[in-house]
Each structure stands twice: as C-alpha cells, then as structure tokens.
Amino acid sequence: MVFTGAHVKDDVVVVTGGGTGIGAAIAARYADEGARVAILGRRSAPLEEVAGATGALPVVADVGRAADARRARDTILETFGRVDTLVCNAGGPGFTTVEDADDDEWADALHANLTTAFVTAREFLGPLGATRGRIVVVSSLSGLFAGPAMAGYTTAKHALIGLTRSLARDYGARGIRVNAVCPGWVRTPMADEEMDDLVSRGGAPTRDSAYAKVTADVPLRRIAEAREIAAAVRFLGSEESSYITGATLVVDGGAHIVDLPTLAFEKALPQGDEVPEVPRWT
C-alpha cells in the first residue's frame, strides 16, 4: 500500500499502551512507513511481541508515574536522540456506577485513563518543543457521551479532551500541536471482553453477534478495526495535519450523529424499507 502526503519516515514516535489493541496497531502503522517507534506499557510480554513484529523499542513503564515516564523519556532520547510524535493511548478500568466504585477503583480509573496522558505529556514537552512535534491523545466516544455503569472511564475520557485543549492552548506557541481521537467500538482484546460479558448476561449468543448488536444503530453498521483508528492517529501525528490543533476527531462509524429518540421510528419502518443505496458514478 502506498501512502501519500507528508511522510513520517525516520520520525520518532512514542506510543503509550503500545502492547495491545489500538496501541499495537498504531505502532505497526508508523513502523510500516519507516518511523522509529517506541512502545510503552506496564507488561513486558505484550510489548516484546509487538516489538518483534514491528521493530519497535519496548520500554516497560507505568507512565502515570513521573519517575517511570522520565526514565522512559531518557531511554528514548538516548536511543533515538529526539521525539517527533507522542501518542497518549494508555487506558484501563472504570466500568462501574458511582455508587459501586470504591475509592481505590475510582483512583485506578483516573490513573489508567487520565493521569497516564497528563504525566507523559508533561515529561515529553521538552523534547517535543525541540522538534515542534505532535501529541495525539486517544480518548473515546465515552469522552463525548455517557454509557451505563462507566462512571470512572467516562469521566476520565471526558477529561482527556479538556487536557488536549489545554495543551494545545498553552503550547501552540512552541509549535506543538495537540489533538484527540475518539474511537467508537473497536475490535480489541478489551472490547472482546466486553462482548463476552454481554454474552454471559444473555444479551447475545456469540461474541460476533454481540458486536453486531452494539453496532446495529451505527450508520456504517459494523465494528471498527484497530488499523482504522491507527490511520486517524497517523494523520494527526504527522505534518499532513499541520494546521490542526485542539481538535477532536471522532472515528466511530457515525455513531455520534444518531438521534437516539428517533430510533423507535426507524425500527418501526416496514421490513426492507431502508435508505436506498447511493448510485456509484463512474
């Protein structure tokens, strides 16, 4: 596949949460285009697997802790000498109601989903200022809307958009651009677990049917693949997006444009009475 536009060959790209799912796909996309990639995460085994497939530099670190983030930064600078793009992709738990979350669960949700981005961005601002680099924050559709029993996750993902805007506002004068990506449903190990939970509750007979159920009202009527989110991140994390900062790019198959109160009317349409296919002009 040939990619056009501003190249990322030889750029140094740092991806937190780079051992699985979207982070692994982001690492692979950049590596395929000749970037030098470092992947950060708390677990060595998945990082090593991605490193073996992509040639990325694996760095074990809990990037929500300042000492770990600084050590990772120094290791990357010693190895590559610079940083051009930081992708704050690390995430984690927070799937309870407020009433059901104890203090530790709340703290864990904020640490995994929000503090990781805050600390990593802070520790990498120096190197990014030197290269007039980019930060891409991976939030979520949960950063725009609230799902059921997701209080910690939803709060943290909303806050990531505020963090994105604050960073863009404060550091644009240094040439640092900061944007957010909000994925909808994406086929990842974490999403697989959520689908399996839906199956166990009797909401669907299989994982694939569970994915079909949660995307039934998405205009594109399908789940996203991690590589599709990686493509959006690569756009924002390159000079193709050179005059975009403080923006939120939603990559959800159109889910955020659906008017929920009208769904009952759509579902009441006669069988087969769907929007006609758009002609393909040649």
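V13 touches Y30, A35, R36, V37, A38, T85 and V87, leaving aside residues up to four places away in sequence. The model is a predicted one, and V13 sits in its strand β1. Is V13 buried or exposed? With 0% relative accessibility against a cut-off of under 20%, V13 counts as buried.

Now for the nonpolar cores. The largest one holds 30 residues, and those with the most contacts inside it are I26, Y30, V37, I39 and V233. Two or more residues come from each of β1 (12–16), α1 (21–32), β2 (36–41), α2 (44–54), β5 (134–138) and α8 (226–236). Which element gives the most to this core? That would be α1, with seven residues. Another core, of 27 residues, lies apart from the largest one, and V59, A61, V83 and L160 are among its members.

Once residues up to four places away in sequence are set aside, V233 touches I26, Y30, V87, V136, V138 and V181.

A pair of packed helices is described by the angle between the axes and the distance between them. For α1 and α8, the angle is about 60° and the axes are 8 Å apart. Angles of 65 to 115 degrees would count as roughly perpendicular and those under 35 as roughly parallel, so α1 and α8 come out as oblique to each other. As for handedness, α1 passes α8 in a right-handed crossing. On the α1 side, the contact is made by G21, I22, A25, I26, R29 and Y30; on the α8 side, by A226, R227, I229, A230, A231, V233 and R234. Sorted by type, the residues of this contact are nine nonpolar, one polar and three charged.

T116 is part of helix α4, which covers residues 103–131. Its relative accessibility is 7%, so T116 counts as buried. What does T116 touch, not counting residues up to four places away in sequence? The partners are V63, G64, A90 and H111.

Conventions: Residues are numbered from 1 along each chain as its sequence is written. This is a predicted model: local features need pLDDT of at least 70, side-chain atom pairs count only at pLDDT 80 or more; totals for chains, interfaces and linings use all residues. Side-chain values use heavy atoms; hydrogens and water are left out. A nonpolar core is a set of buried Ala, Val, Leu, Ile, Met, Phe, Trp, Tyr and Cys residues joined through side-chain atoms within 4.5 Å. Buried means under 20% relative accessible area, exposed over 50%, partly exposed in between (1.4 Å probe, protein chains only). Helices (H or I, at least four residues) and strands (E, at least two) are DSSP runs, numbered from the N terminus. Contact means heavy atoms within 4.5 Å. Axes are lines fitted to C-alpha atoms, for helices over the stretch in contact, and angles run from 0 to 180 degrees between N-to-C directions. Angles under 35 degrees count as roughly parallel, over 145 as roughly antiparallel, 65 to 115 as roughly perpendicular and the rest as oblique. A crossing is left-handed if the near helix is turned anticlockwise from the far one by less than a right angle, and right-handed if clockwise. Ala, Val, Leu, Ile, Met, Phe, Trp, Tyr, Cys and Pro count as nonpolar, Asp, Glu, Lys and Arg as charged, and the others, Gly among them, as polar.
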